[in-house]
Amino acid sequence: MKHPRWSAPALLAALLAGAGTAASQTPAALAESYAAAARNEAPGFAGFSAQRGEQLFRGSHGREWTCTSCHTSSPGAQGRHAKTGKPIAPLAPAANAERFTSLATADKWFRRNCNDVLGRECTAQEKGDVLAYLVQVRP
Amino acid sequence: MMDRNGRIGRVRTWYRVASRAERATPLQSNGNEAIDAKNKASAVDTAARARSECAMNRIRTFPLAAAAAGLAALSIAAAAMASDRQVRSTSPEPAAWRAECGSCHVAYPPRLLPASSWRRIMQGLDRHFGVDATLDAGSAAAIATFLAENAARVGGKRAQDETLRITETRWFRHEHAEVSPQEFARASVRGPANCDACHRDAGRGQFDERSVRIPR
């Protein structure tokens with residue numbers, strides 16, 4: 001296997017990228033990122049709402065799956081994959097300290113699962129609403 | 001191995017070794033020289049004929065033995081080809097492979113599909129059997145390389161026709177021919193794609209038949 005030739009700019013870029021993907025962030029830090037993105041998307045951004053997030057999480061969006069199909073209606077409890085049955089660790093940060101500690105990971109799963117549930121990507125507003133709902137779920 | 005009649009027991013032979021009794025009995029004198037000479041000559045003749053028959057039998061059985069050896073060699077080769085799906089991964093698995101490909105289902109070992117099938121799967125991750133399984137570019141590249149390097153070696157047209165579903169490959173159906181549809185449909189099994197329902201070590205790439213337990 002060829003070893004990459006490291007140069008200073010490449011190393012710096014990798015460090016910065018790594019800082020962004022390191023699983024050392026917090027749900028609050030992620031919420032701030034989503035707020036900043038939401039302000040870019042729509043100037044009339046008025047904050048996140050846990051109630052809106054809960055409606056989005058539990059509601060049906062015209063497709064086969066909802067968020068609760070895998071994460072169950074109690075996101076503080078263990079879930080299971082709707083098709084394979086594979087166990088899914090609890091989603092609420094209060095029940096699982098690893099949740100929402102990496103922006104890259106959270107965005108990856110939002111991208112995949114919103115495409116499955118909504119048929120499109122979630123907006124930053126929607127992501128922030130769902131996060132606001134999940135952080136106040138008690139196991 | 002040799003019984004009373006001089007026949008060798010387990011090992012089948014097509015010639016008969018003279019029994020101990022026969023060998024022990026000397027030629028009886030008949031009292032008549034001419035007849036004695038004739039008997040002796042015919043005894044020698046018989047012995048010589050037996051020896052040559054023995055040799056003839058060996059020559060006759062040689063093609064059979066050669067054919068048997070050839071068949072054995074062929075079947076070993078066939079088993080080796082069939083078991084190329086049993087060969088372990090030659091390159092170390094990237095962390096992304098197990099983390100991403102094992103997040104929703106068991107991480108199916110690359111050797112279960114040919115490289116062409118893996119390529120098609122990786123190119124269609126946005127509609128991966130009905131769901132979105134897209135990856136970032138770096139992970140996708142690392143995983144694609146790992147899959148291609150450790151894929152099943154199936155040649156020619158068969159590789160192109162190969163289904164994307166491991167459970168629909170000829171190899172899988174042959175291996176699981178003795179499992180009934182009812183067993184696959186059990187709630188505890190949830191279908192043939194759910195390897196680790198019965199293969200408890202599927203997550204470690206081990207599908208040894210002796211450790212299979214089909215749950216009730």
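In the predicted model, the side chains of B:Arg127 and B:Asp126 meet in a salt bridge, with an N to O distance of 2.7 Å. B:Arg127 is exposed, at a relative accessible area of 56%. B:Asp126 is partly exposed, at 45%. Salt bridges that share partners also join A:Lys108, A:Arg112 and B:Glu100 into one network. Over all chains, the count comes to ten salt bridges.

Another of these pairs lies within chain A. A:Asp129 forms a salt bridge with A:Arg52, and the closest N and O atoms are 2.9 Å apart. This pair links distant parts of the chain. A:Asp129 sits in helix α6 (residues 124-135) and A:Arg52 in helix α3 (residues 50-58), 77 residues apart. A:Asp129 has a relative accessible area of 3%, so the residue counts as buried, the limit being under 20%. A:Arg52, at 40%, is partly exposed.

The interface between the chains also carries charged pairs. Two salt bridges are found across the interface of chain B and chain A. In one of these, the side chains of A:Arg112 and B:Glu100 meet at 2.9 Å, N to O. A:Arg112 lies in helix α5 (residues 103-117) of chain A and B:Glu100 in helix α3 of chain B, so the pair joins two chains. Both residues are buried.

Contacts at this interface involve 15 residues of chain B and twelve residues of chain A. The buried area is about 1,100 Å², and carbon and sulfur atoms give 42% of this area. Ten residue pairs are in polar contact across the interface, both residues at pLDDT 80 or more. The side of chain B that touches chain A has five nonpolar, six polar and four charged residues.

Chain B has eight helices and zero strands. Of its 216 residues, 29% count as buried. Among contacts in chain B between residues at least 6 apart in sequence, 57% join residues at least 24 apart.

The largest nonpolar core has 26 residues. B:Trp118, B:Ile143, B:Leu147 and B:Ile166 have the most contacts inside this core. Helices α3 (95-101), α4 (115-123), α5 (137-149) and α7 (170-175) of chain B each give two or more residues to the core. B:Ile166 touches B:Tyr108, B:Leu112, B:Leu113, B:Trp118 and B:Phe172, not counting residues up to four places away in sequence. A second, separate core has 19 residues, including A:Leu30, A:Cys67, A:Ala106 and A:Cys114. In soluble globular proteins, nonpolar side chains tend to be buried together.

Definitions and conventions. Residues numbered from 1 in each chain as written. Chains lettered and ligands numbered in written order. Predicted model: local features only at pLDDT ≥ 70, side-chain atom pairs only at ≥ 80, totals over all residues. Heavy atoms only, no water. Contact = heavy atoms within 4.5 Å. Buried area = accessible area lost by both parts, 1.4 Å probe. Salt bridge = Lys/Arg side-chain N within 4 Å of Asp/Glu carboxyl O. Polar contact = N/O pair within 3.5 Å; in protein donor to acceptor, adjacent residues only side chain to side chain. Nonpolar A, V, L, I, M, F, W, Y, C, P; charged D, E, K, R; others polar. Core = buried A, V, L, I, M, F, W, Y, C linked by side-chain atoms within 4.5 Å. Buried < 20%, exposed > 50% of the residue type's maximum accessible area, 1.4 Å probe, protein only. Helix = DSSP H or I, 4+ residues; strand = E, 2+ residues; numbered from the N terminus.
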